[in-house]
Structure formats: C-alpha cells, structure tokens
Amino acid sequence: MLKLVTKNVGIENSHTLSVARSHGAYSRLEAAFAMTPEALTAEVIKSNLRGLGGAGFPAGRKWSFLPKDSPKPRYLVVNGDEGEPGTCKDKIIMIHDPHLLIEGIIITCWAIQSHKAFIYIRGEYDLPVEHVEQAIVEAKAAGILGETVMGHDFALDIVVHRGAGAYICGEETALLESLEGKRGWPRLKPPFPAVEGYMRCPTVVNNVETLSYVPYVVEMGAQPFADLGSERNGGLRMYSISGRVNRPGVYELPMGTPLREMIYDHAQGVTGGRALKAVIPGGSSAPILTPDEIDVPMDFDSLAKRGTMLGSAGVIVFDETVSMVEALKVIIRFYAHESCGQCTPCREGTAWLEKIVERILDLGGRPGDVDNMLRISRNIMGNTICPFGDGAALPVVSCVTKFRPEFEAWVRRGQPVTTLPVREAHIGEPVAAV
Ligand SMILES: Cc1cc2nc3c(=O)[nH]c(=O)nc-3n(C[C@H](O)[C@H](O)[C@H](O)COP(=O)(O)O)c2cc1C
C-alpha cells in the first residue's frame, strides 16, 4: 500500500539528515524553486491538498489569500500543537521525518515568499521537539536553511516554539497570541491570519501533516496527487485509530477510505469480537456516528454531508460494553477544563454540562436533564469567538440525541434521589437500580 509521509517510519535514524537525504529528503527543492511562487501555489490548489489540522480548508487557496501589496513581512506558522483527543499523527512525522516537514516548510515559504517560519509544538512532545530542533541545526549546517537555501538566493529561518499544555492554543489565532507571548485567547475573525496574523502581519497557519505532503505534490505533480484521494480531497492522510479495536494505530490511507474498512480491515475489527456501538470519526469535537452510519468515505465533504466532520481524523471506536453517558462525561470534562473562559456561553455552558452529566452518573438525574443538556449545548453553538464552543457542544448534541434512551435510563435510575434529603445521597454510588 502506498505511503508518503509515513514511508520512512521504521528506518533506523530516519530523523537524521544523512539518512533522510538517502531517502529523498530535499530532493524536491530544485523543482519547487524552478517554479514561480504563483505557479507553485496554483499547483497546490490543483492538487486538492486540504488542511489536515481540523478545518480542511484547501491549502493552496489559503496561501493565495495573502495580500499582494502589503509592505509587511510574511510569516509561516506551523501548527504542531496536536491537542485534539484521539489524534496522534503529527508527532509521528516530527519524530521520524522532521526533514520532510522542513522541506515542506521551505517549499511553502517560497510559494508565499516568507523568510521566517515558526513551528509551534505541543509542550508535552519532548521527542518531537528534540528531533525537529536537531533537524533544523543539521539543515542550517548543511546550507539548507539560512541566508541561502541550497544555493538559492532565498533566506529562511525556522524557530521552534513550545506550547505550555493548553488545548485552545491549537486554534490558530490563540496560537498566534501565544506565539506573541500573550495569553492564548482566540481572536475575532475577520481579519483572518492571512491578512493580520503573527504581529499583525500576513501569516499562513498550516498543520504539520499538511505541509509534509507539499513535497509530494511537487514530486508527483498536482493531478496524480489529487487522483490518490477522492473528489476535492487530494492525496492520502493519516488516520489515528484508537479505542476498542484490535489494532489501534496511525494509518496512512487514501482520502475517502470507507470508515468500515478502517475499523474492520486496517484496525482488524472490534476488540473481543464485540458489537460496534459508536464511532467518533474526526477527534472528540466531531459528532458521533452509529454502526449504521459507517459506510461513509472518510473525507471532509462526505462526512460533512452526514452531519459530522473529518477534523483531525482521530477515529475513536466504542464497543457495545461502553456506557455512552460515561464516555460523554470524559469528553465534556475535557472541554470544561480546556475552555479558555473568554466567551460566557462556552465558559459557563461547558461547566454546566459537566455538572449535569456527573450528577446523572453519580446520583441519577433530574427530570429535564436530558433536554437541558441539549438546550445548553445549542446556546453555546454559534455564540463564541472561536469554534471551540461548537466542538464542545456538537458531540453532546449528537451523543444525547442518538443515545437518548440510555441517558434517560440513567436519569430515571436516580430520580428518587431528588426527593431525598441531601445527606442521604452518596456521590459515586448509585442509590437506585435501573
Ligand atoms: C479548539 C481548536 C483546537 C485546534 N487544535 C489544532 C491543533 O492542535 N493542530 C492543528 O493543526 N490545528 C488545530 N486546530 C485548527 C487550527 O485552528 C487551524 O485551522 C489549522 O492549524 C490550520 O492548518 P491546516 O489548514 O493545515 O489544517 C484547532 C482548532 C480549534 C478550534
């Protein structure tokens, strides 16, 4: 099976310059510099390479939005924050093939005429940081980065910046604030980063995986790359498959590979031969799918048509033994903890949702709890500065709607509690059987 960004995984010392070069690293630079920035951008647009950090925005089109007449410097910011639960793909590239990422950065900087790139890496990612920093040092020493790039009159510097453990700093504008040394609070858009990004200068923010495919667009040509995937979703991508499957892992597969094939062929089916109960297709912010919905191509447009999203392609599988109420508690606790607190509907709403789902589990719920969860979620959606609010609310709406009888059973189980004096309710112990 064809592999691109993961093809060097497993090769000893693949992260070092000499080994990486013997496997093709930097071999696409000549072809890229032979093209004008405009032609290169047009090629990436034609390749249907989508942004693979979450939103799926076409990469080349984003580059083309940089203002042509601005006198300000331009920046490339590489998003390696990788905070979405269920997602662990960017670190594979940064650990095993950091020179591929650097090559993608160089080509992109040529296309957007930027002379400085930042790589913002998740704070907990020690080994990825180590390998990326080492790769930059090696590339500088070899004349691949610096005042010239492999003899081309084009200066480029790359700076690594470590995050400090906040999920919201993966959101591009919060990331920019953090990079500028400020609290990671998202900015209102517009203006978009392409117009006002890092230090209010034109900036392209792209994900690690997105940029790592750019050398392959140059190597293969736009059309052959596009043809690897599905309609308007070019190439391959990395799917992180976790949860109750026999072979969890990161799989590089063509865009549009059916979800059923991923679970039953690549991940070798549900653990213990149990029945599938639900799947999150694109990281915890994506609405959940039921077993009758898994015959869907895993690309941005097909999943959007089914009311969910491909996002960061973190596929989380639940089997029949999983309580969806307990699963949702884990998810909502994460969002309540990670809400940056800037917008009231998100700050208060995620905390209320957490309280309600915890109460349902600990004591049984109150009549109206299920509807209240839906109401609170709908009050968050669309009412926040950044998409974090939607990402927290959408899984609640889908989970509660699709598994409503399960939620109602938990609520009913505990209803007697509401008539008991508070001291008789024991948190953590069910007080009535279902
Ligand atoms: C709450 C939140 C968290 C995000 N976290 C990440 C992340 O960890 N990594 C990432 O690449 N994109 C993340 N994104 C998406 C970025 O805002 C942005 O769309 C992306 O970095 C653009 O790169 P791309 O076009 O190559 O996907 C996040 C978005 C939101 C709303």
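1. Strand E7, residues 276-280, is largely enclosed by the rest of this predicted model, because five of its five residues are buried. Buried here means that 20 or more other C-beta atoms lie within 10 Å of the residue's own.

2. E7 has a pairing partner in strand E8, residues 314-319. The two strands run in the antiparallel sense and are joined over four bridges. Within this pairing, Ile280 is bridged to Ile316 of E8.

3. Most peptide bonds are trans.

4. Arg200 is another residue of the loop between H8 and E4. Arg200 is not a glycine, yet its phi is positive, at about 60 degrees. Arg200 counts as partly exposed because it has 13 C-beta neighbours inside 10 Å.

5. Met150 lies elsewhere, in the loop between helix H7 (126-141) and strand E3 (157-162). Met150 has a positive phi of about 45 degrees, although this residue is not a glycine either. Its 15 C-beta neighbours inside 10 Å are why Met150 counts as partly exposed. Most residues other than glycine have a negative phi.

Methods: Residues are numbered from 1 along each chain as its sequence is written. This is a predicted model: local features need pLDDT of at least 70, side-chain atom pairs count only at pLDDT 80 or more; totals for chains, interfaces and linings use all residues. A residue is buried if 20 or more other C-beta atoms lie within 10 Å of its own, exposed if 12 or fewer, and partly exposed in between; C-beta atoms are placed from the backbone. Two strands pair if DSSP finds at least two bridges between them.
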